[in-house]
Amino acid sequence: MRVLLVSANRERIPDPIFPLGLAYVGAAARRAGHRVATADLCFARRPLQALRRQVVEFRPELVGLSLRNVDNAAYPLTVDYLERHREVVDCLHASSDAPVVLGGSGFSILPREYMRVLGGDWGVAGEGELAFMALLAALADGREPGGIPGVIAPQGWTPAGTDAPAPLPQAAADGWHGLRPARDLFDYGRYLRRGGMGNVQTKSGCVFKCGYCTYPLLEGRRFRAREAGDVVDEIESLQRDYGSHPIFFVDSILNFPPGHLEGICEELLRRRLRLRWSGYATPVKLGMEQARLMARAGCEGVELGSDAAEDGQLRHLGKSFDAATVWRANDALKAAGLRVCHSVIFGAPGETEASVRATCGALRAMRPTAVVAMTGVRLYPGTPLTEGLIAAGRVARADVGLTPAFYIESAVAGFLPGYLRQQAHAAGNWVLPGLAAPLLPASQRLLRALGVSGPLWRLLRFSWMRPLHRIRFRRPGTSWGVPHPRRKVL
Ligand code: B12
Ligand code: SF4
């Protein structure tokens with residue numbers, strides 16, 4: 001079959017992100033013998049025109065459309081990608097009769113809603129490697145694709161707004177699928193220049209049950225890990241083919257279960273690969289030994305999923321650690337010479353002024369390189385938090401969908417914006433994506449053009465950056481600011 005794979009993602013903040021998932025799907029389609037072409041809308045000046053031209057020239061028999069982001073998950077500066085997705089699907093339907101198959105992480109969080117609103121012909125929720133291939137094979141043979149795990153037919157869905165439980169995409173494969181992403185289908189080099197780093201996945205899944213988190217829904221509740229040698233083979237060939245460049249490991253959490261990351265670090269060291277890398281880490285079991293090994297193997301810093309630094313709020317968020325564990329991980333990483341960016345969420349159920357103050361105080365005292373704090377929790381169907389709120393009658397199921405909906409505990413709703421701006425101003429290294437745009441597109445382009453690579457929060461380690469960064473929180477603003485026309489607070 002002639003298969004056109006389209007990456008709809010045009011978001012370039014905080015960086016343009018190489019479409020790794022679609023490169024995996026492309027590798028699977030090629031392996032199955034299909035003729036694959038790609039359209040990447042990220043950098044195109046007139047993306048829809050370019051797409052139309054490509055569709056007319058390639059005459060696909062089937063289009064796979066990857067929808068990575070639903071919205072930017074930030075409140076109140078919410079960016080909603082629905083209209084952009086809609087214009088891409090409309091363009092595809094207008095320029096070809098080929099069925100359009102929707103997939104990607106954004107789609108998989110809300111497959112029923114996307115099928116209804118965008119009018120996809122088929123959908124694949126969760127991992128695409130196996131399900132998409134099975135769907136292609138069925139369509140090529142004229143068979144009914146029903147029953148393939150993860151494959152969604154539009155007529156199979158009840159109308160949104162009913163009480164039907166949100167369908168959860170499940171991982172389609174048991175072990176690792178053994179594929180390498182077909183990066184050559186896209187312009188990986190351009191992403192390195194504009195995005196400052198490449199991306200590699202070393203395993204999928206997450207065993208933790210943090211209340212708000214979609215990752216276990218998207219990737220499964222078990223870890224499925226690649227062999228360390230296989231991961232480092234991929235990294236080695238990337239460095240050989242595209243020159244030396246930093247890597248972001250896209251795993252939900254890179255340093256868990258114990259032993260996995262250690263194996264990769266040891267393999268990097270054994271091969272004397274001088275790689276700079278980073279990723280998401282959990283404070284759980286992150287001690288001195290692990291941090292030192294990470295540093296020796298080229299880690300330049302991690303985004304630590306702390307979420308809070310106060311015991312009560314960590315419990316409310318469903319975290320499996322306490323504030324002392326956050327402290328220990330922070331100290332171990334810093335002692336090993338690594339940069340730390342704490343990722344936190346304020347305003348979840350149970351939040352009080354006292355818990356906000358305690359978390360802010362602890363984060364200031366830990367003296368990390370940076371803090372990224374979200375204000376309000378984006379509610380997604382199927383997460384323990386959302387389902388708990390619905391069961392308790394505090395939120396209606398119909399309210400949790402494509403229109404970005406955020407939960408902010410009423411006890412802190414008035415207090416949060418002003419207090420966090422004040423904290424961010426005083427600290428000088430905090431990023432509040434919902435309250436002040438983290439970066440202007442022009443500054444991002446300039447930094448990358450100047451050769452700054454790796455995660456940009458690392459720049460906040462420079463003391464001269466802090467006064468510049470502070471400016472955005474200079475005004476005492478105590479309100480949430482201008483509401484986005486399409487988002488809700490629950
Ligand atoms: C790593 C990561 C990041 C890193 C990326 C670093 C890098 N250089 O790659 C950073 C921190 C930069 C980042 C930024 C953002 N991210 Co992010 N990120 C992730 C994460 C954890 C993994 C993504 C990944 O690479 N997975 C591995 C690849 C192989 O999997 P995949 O892309 O899902 O593809 C598979 C399937 O989806 C499917 N598939 C994909 N495409 C297609 C197409 C077809 C046709 C088919 C059939 C199947 C299919 O098959 C693929 C292979 O199995 C996900 C959460 C998650 N666990 O998925 C969030 C996630 C994608 N991010 C999300 C968001 C919101 C963002 C930001 C907007 C946050 C912000 N406010 O800045 C930005 C957007 C950046 C941008 N330019 O687009 C959301 C998107 C959903 C939503 N809420 O809108 C997610 C799902 C997290 C969440 N909150 O639930 N992110
Ligand atoms: S927040 Fe991190 S540790 Fe918790 S479930 Fe999500 S990916 Fe796993």
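Six strands make an open sheet here, in the order β2-β1-β3-β4-β5-β6, with mixed pairing. At the edges stand β2 (35-40) and β6 (151-152), each with a single partner strand, so each has one side without a neighbour in the sheet. This is a predicted model, so please hear everything that follows with that in mind.

Let me go through the pairing around β3. On one side there is β1, residues 2-7, joined to β3 by five bridges and running parallel to it. Within that pairing, serine 7 has serine 66 of β3 as its bridge partner. With β4, the pairing of β3 is parallel too, over four bridges. Two positions to look at on your screens: glycine 64 has valine 101 of β4 as its bridge partner, and leucine 65 stands opposite leucine 102 in β4.

How much of β3 is covered? Five of its five residues are buried. That holds on both faces, with Leu62, Gly64 and Ser66 on one side and Val63 and Leu65 on the other.

Some of these names come back in the core. The largest nonpolar core has 139 residues, and those with the most contacts inside it are Val6, Val63, Leu65, Val101, Leu102, Leu135 and Leu379. Helix α1 gives the largest share of this core, seven residues. Domain 1 (2-152) and domain 2 (196-489) each put at least three residues into this core. As a general remark, nonpolar side chains in soluble globular proteins tend to be buried together.

Now to ligand 1. How many residues surround it? There are 45, and the closest are Gly21, Gly64, Ser66, Gly103 and Gly128. Of the shell, α1 contributes the largest share, five residues. By class, the shell around ligand 1 has 21 nonpolar, 16 polar and eight charged residues.

Why do I say that ligand 1 lies between the two domains? Because domain 1 and domain 2 both give residues to its shell.

That brings me to the domains themselves. The domain assignment gives domain 1 as 2-152 and domain 2 as 196-489. Their C-alpha centres are 27 Å apart. Where they touch, 23 residues come from domain 1 and 32 residues from domain 2. On the domain 1 side of this contact, α4 and α5 (111-118) each supply at least two residues, and the largest share, three residues, is from α4. That side of domain 1 divides into 14 nonpolar, four polar and five charged residues.

Next, ligand 2. The residues around ligand 2 are Cys206, Phe208, Cys210, Cys213, Tyr215, Pro216, Ser252, Ile253, Thr282 and Gly305. By class, that is seven nonpolar, three polar and no charged residues. For ligand 1, by comparison, the shell includes eight charged residues.

Where in the fold is serine 252 found? In the loop between β10 (247-249) and α10 (260-270). Is serine 252 buried or exposed? Buried, because 23 other C-beta atoms lie within 10 Å, and the cut-off for buried is 20 or more. Setting aside neighbours within four places in sequence, serine 252 is in contact with Cys206, Tyr215, Glu219 and Tyr280. Cys206 and Tyr215 are also among the residues around ligand 2. Serine 252 and threonine 202 are 50 residues apart in sequence, yet 9.9 Å apart in space, C-alpha to C-alpha.

Last, the other sheet I want to show. Three strands form an open sheet in the order β15-β16-β18, again with mixed pairing. Its edge strands are β15 (377-378) and β18 (488-489), each pairing on one side only. Strand β16, residues 405-407, runs parallel to β18 and is joined to it by two bridges. In that pairing, alanine 405 has lysine 488 of β18 as its bridge partner.

Definitions and conventions:
Residues are numbered from 1 along each chain as its sequence is written. Chains are lettered from A and ligands numbered from 1 in the order in which they are written. This is a predicted model: local features need pLDDT of at least 70, side-chain atom pairs count only at pLDDT 80 or more; totals for chains, interfaces and linings use all residues. A residue is near a molecule or strand if its C-beta atom, placed from the backbone, lies within 6 Å of it. Ala, Val, Leu, Ile, Met, Phe, Trp, Tyr, Cys and Pro count as nonpolar, Asp, Glu, Lys and Arg as charged, and the others, Gly among them, as polar. Domain bounds come from an automatic or database domain assignment. A nonpolar core is a set of buried Ala, Val, Leu, Ile, Met, Phe, Trp, Tyr and Cys residues joined through C-beta atoms within 7 Å. A residue is buried if 20 or more other C-beta atoms lie within 10 Å of its own, exposed if 12 or fewer, and partly exposed in between; C-beta atoms are placed from the backbone. Two strands pair if DSSP finds at least two bridges between them. Two residues are in contact if their C-beta atoms, placed from the backbone, lie within 7 Å.
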